[in-house]
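Please look at the structure shown here. The text that follows goes through some of its strands and how they pair.

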Amino acid sequence: MNDKQHTIKAPVTVRGIGLHTGVEATMTFCPAPVGHGYKFQRVDLPGQPVVDADVDNVVDLSRGTTIEQNGARINTVEHTLAALVGMQLDNVLIQLSGPEPPIMDGSSAEFIKALETVGLEEQNALRNYYEIPESIRYVDNARGVEIAALPLSDYRLTVMVDYNSPVLGSQHATLADIGQFGAEIASSRTFCFLHELEMLYKNNLIRGGDLSNAIVVVDRVVTDDELNDLAKMLGKPRVSVKKEGILNNVDLRHKNEPARHKLLDLVGDLALVGRPLKGQILAARPGHAANVAFAKRIKKKMLEAHSNPVPVYDLNREPVMDINRIMQVLPHRYPFLLIDKIIHLDEQMVTSVKNVSMNEPFFQGHFPGNPVMPGVLQVEAMAQTGGILVMNTVPDPENYWQYFLGIENCRFRKKVLPGDTILFHCQLLAPIKRGIAKMRGQAFVNGKVVMDAEMSAAIVRKDA
């Protein structure tokens, strides 16, 4: 999995009819800046309102996932979002001239083909992954649905479906590497059963539905009169079917195409948590309602972790910045450079590591018979950590100084001793304005807070 954020190199447009609304629309994928995420924009409405692809904006789950914000509604977003996740894109603005993305062939393949024509552009920021910290589960006993997320260093998904159908039977699909989404999952088309089709038409839920953009599973014997009625409903001169099979005898692209499409939907719906995921997702009989309910549980955990983060130090993972890279950003040098590596860095947060050794020069004079790391040096190490965060917001950090301005509500909660490994974690309290940054900092040893404080710092150009 790539650790850098990506957008697309240039705008690219697709056109077609919406599956449920039946409205023809133009959809343009546009490059977007670091930290933008996925956003839709209704360019056909006054003021061209923007709708964040966020699970909190979901307003309807009738055969698809619909989001609404700022008076604008976007229907059936899951296939579009699945394509973006599958391409490992982070920042894209999706401009729409109607209420619903084009259904195309009922899969995500056409979106991926369009995005591949313009290519990806790497951005100078790290991807803000949410790593599943512990088992997260969702169960709906009435529908026989169960979805679980388990910790994993990659993003993997497995889906199992069982429709009690002689045509489909039980199926499962697995995506072991999100980078294989385009090859293994993207071409799988949306589907419904014949007994659902009439209900959907009566409720105006598939006004853009067509046998070219959806698979209709026929799981019972159909009379000639029923086939004639179906042809009229679908606006076709005639439709046909074997005794049991697929309407118009369409060939499946995969034996388990329905299960793969359910996995596609799950990828798209989970994109609404707002961050790329690392974890293993196991889903039995998922649907949009369950997917969204599960996404809300993940987002809740994510927000809890964001408000009270306990950083994890994985010794086997390459640091974001080693000591040599840190010295290119910070002016400090021995014996006053007090952090050893950076293990997390994004637009809002940074985490550094300090290995406290008995050979630290300050132990010679600070309680030599009872060595304790001076609190003031813990503050300085935290300030240096925050300096990395604020310097990450300017394009040429070597041309700036970062000055410590103030500290408030500082508390020292436990002693820091030789042999301890300190994780300093700093998080912006508000957007940086006029070069002034305000941060909340915490220091952890063995998962316990040993010090916390609120700090402010200024970024000043060296030639100012």
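**Strand pairing in the model**

In the hairpin formed by β24 and β25, two residues lie between the strands, and Asn-446 has a positive phi near 55°. The model that shows this is a predicted one. Strand β24 covers residues 436-445 and is joined to β25 by 10 bridges, with the two strands running antiparallel.

In general, the strands of a sheet are paired through hydrogen bonds of the backbone, in either a parallel or an antiparallel way.

Earlier in the numbering there is another place to look. Three strands form an open sheet in the order β6-β7-β8, and their pairing is antiparallel. Which strands are at the edges of this sheet? They are β6, residues 58-60, and β8, residues 72-74, each of which pairs on one side only. On average, and with direction ignored, neighbouring strands of the sheet are turned by 40° against each other.

Within this sheet, strand β7 takes in residues 66-69 and pairs with β8 through three bridges, again in the antiparallel sense. To see the two strands facing each other, find Ile-67, which stands opposite Ile-74 in β8.

Methods: Residues numbered from 1 in each chain as written. Predicted model: local features only at pLDDT ≥ 70, side-chain atom pairs only at ≥ 80, totals over all residues. Heavy atoms only, no water. Pairing = 2+ DSSP bridges. Helix = DSSP H or I, 4+ residues; strand = E, 2+ residues; numbered from the N terminus. Axes fitted to C-alpha atoms, helices over the stretch in contact; angles between N-to-C directions.
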